[in-house]
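Let's take a walk through this one together. Have the sequence and the fold side by side, and we'll go stop by stop.

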Amino acid sequence: MKYDVVVIGGGPAGLGAAVEAKKTGAKNVIIIERDRELGGILNQCIHNGFGLHEFKEELTGPEYAEKFVNMAKENNVEYMLNAMVLEVDKNKNIVVLCENGVNYINAKSIVLAMGCRERTRGAIDLPGTRPAGVYTAGAAQRFMNIEGYIPGKEVVIYGSGDIGLIMARRMTLEGAKVKAVIERGSNSSGLTRNIVQCLDDFNIPLLLQHGITYIHGDGRVEGVTISELDNTKNPIEGKETFIPCDTVLLSVGLIPENELSSDMGVELHRGTRGPIVNNKMETNIDGVFACGNVVHVHDLVDFVTKESRIAGKNAALYALDKKAKQSKLIQTIQGEGVNYIVPQYIDVNCEDEVSLLMRVKDIYSNKKLVVKCGDKIILEKKRNHMVPSEMENIKISPNMLKFIDSSLEVCVEEVDVTMKEVALA
Amino acid sequence: MQSNITCIVCPMGCRMTITKIDDRFNVEGNTCKRGEKYGIQEVTAPKRMLTSTVKIEGSVLHMLPVKTSDSIPKEMVFDLMDILNKVRVNAPIRVGDIIIEDVLGTGVNIVATRSIQKIS
């Protein structure tokens, strides 16, 4: 089988990219999805808060997914379900295992949209026995919202990421007792609105600077030992407490799923753990693009959709041989206070505005984000409040890029007095 | 009467203290007008959207996700959960279909948040 554009993954990133590739003029576009339906993790995210940017209304996950699945069908995007990509090579030959056996597909261009995976108990070396009842928060979410099973009655949640907070509320609503959310850091990694609406509303305690030091139970979880942590994140002796429970949910971070990418030679970034991309969302391999959580973990699906359009459009242009000639690539560099920036490279002759998406390292109040090229300041943006859990976005216009000859650095800096006056004026 | 709440209007998450003096509310700790408005609503008549699932028969899937068409008084959330846990619907269902009309006399409907096909 031969296709113009093959999209690996049928979640929001894959759907957005496929629709855009079709709209840009690619003749045949196919999505390969390993689940039994399109939509990805959105199908299990039955809570609302999706789509405020994209559709200007507050939708639940399944509603957001259905809108995109319908768009894909209207645009004649093809798709394979229950299909797993086993291998992709540099010549864009794809090996797919599906219901009727092994299939070989050749693509003119590829969009990687495999999303991310949850970190597990093994990934965080959580000591104790190995009873049943320890789940990742996303697995528990699938059991409850799709399969219709409640994974336990008395729950301790480890990690205060958004999925953990959402699950604290969901399990409480369905009659379970959530005893506590345990967080190692001194701040929650979840959004404030989720702490208020998922924990405070139900009087669920959030224990900051605490860790689980042991999981107890023979056969099934019987409880956890938690301990207060010192500033180096080590347990403080004498500050342990035992909490009886039958279930432990882990919400301890997400990692982009890039086994396929790295096997085919796509270079990954150490900070994001996703492919290194340019402003077209193209990886180091010609004609291989990536978007969504496989590139870096987003906090809003709306931004995934935005990114997927860039990947889908450029994948189609590549397949149609209409790709603009690349002129000069410059690098984006994370400076003081910035954890990572996507894209890592920008073509200085690009025609579209480029969004620099980044995360800051710490919580900052009254600071500014400064974009520099050498000593030259290109752009400054004042920010009243920045937190690592909320992605920052700085837009660079094609006009600004004309004056750039070497790498772009973004850093967090103090707001000086004159800047304050400008902001107040 | 005094309440301490965290504002959720924007990412700043201001901690606000709302004090009732006679018939008026005094909001402290907010940094904008929107925070003041949210704070007063939160202490006078807090409302929430509710999303959950109901059982569905005649489909590959067992659960149909649903939501309230508008926010409902916060204290009604668990009563509504009791109602939803007794509901059974049959496939096919279209997104937006009304599952329960005017639930608990709130004027708010329970609607399906996805389409589910019938098994042929």
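Two strands count as paired here if DSSP finds at least two bridges between them. Keep in mind that this is a predicted model. With that in hand, look at strand 11 (residues 154-158) of chain A: it pairs with strand 12 (residues 177-182) of chain A in the parallel sense, over five bridges.

Now go back to helix 1 (residues 12-24) of chain A. Its 13 residues reach 18 Å from the first C-alpha to the last, close to the 18 Å expected. Eleven of the 13 are buried, so the helix is largely enclosed by the rest of the structure. Those buried residues pack against several elements of chain A, including strand 1 (2-8), helix 2 (61-74) and helix 7 (301-319). Just past the helix, Gly25(A) takes a positive phi of about 120°.

Last stop, chain B: Lys67(B) sits in strand 6 (residues 63-68). Is Lys67(B) buried or exposed? Buried, because its relative accessible area is 12%, under the 20% cut-off. Its side chain makes a polar contact with the side chain of Glu63(A) at 3.1 Å, and Lys67(B) also touches residues including Glu58(A) and Thr60(A).

Conventions. Residues are numbered from 1 along each chain as its sequence is written. Chains are lettered from A and ligands numbered from 1 in the order in which they are written. This is a predicted model: local features need pLDDT of at least 70, side-chain atom pairs count only at pLDDT 80 or more; totals for chains, interfaces and linings use all residues. Side-chain values use heavy atoms; hydrogens and water are left out. Helices (H or I, at least four residues) and strands (E, at least two) are DSSP runs, numbered from the N terminus. Buried means under 20% relative accessible area, exposed over 50%, partly exposed in between (1.4 Å probe, protein chains only). A polar contact is a pair of N or O atoms within 3.5 Å; within protein, one must be able to donate a hydrogen and the other to accept it, and residues adjacent in sequence count only if both atoms are side-chain atoms. Contact means heavy atoms within 4.5 Å. The expected span of a helix is 1.5 Å times one less than its number of residues. Lists of a residue's contacts leave out its neighbours within four places in sequence.
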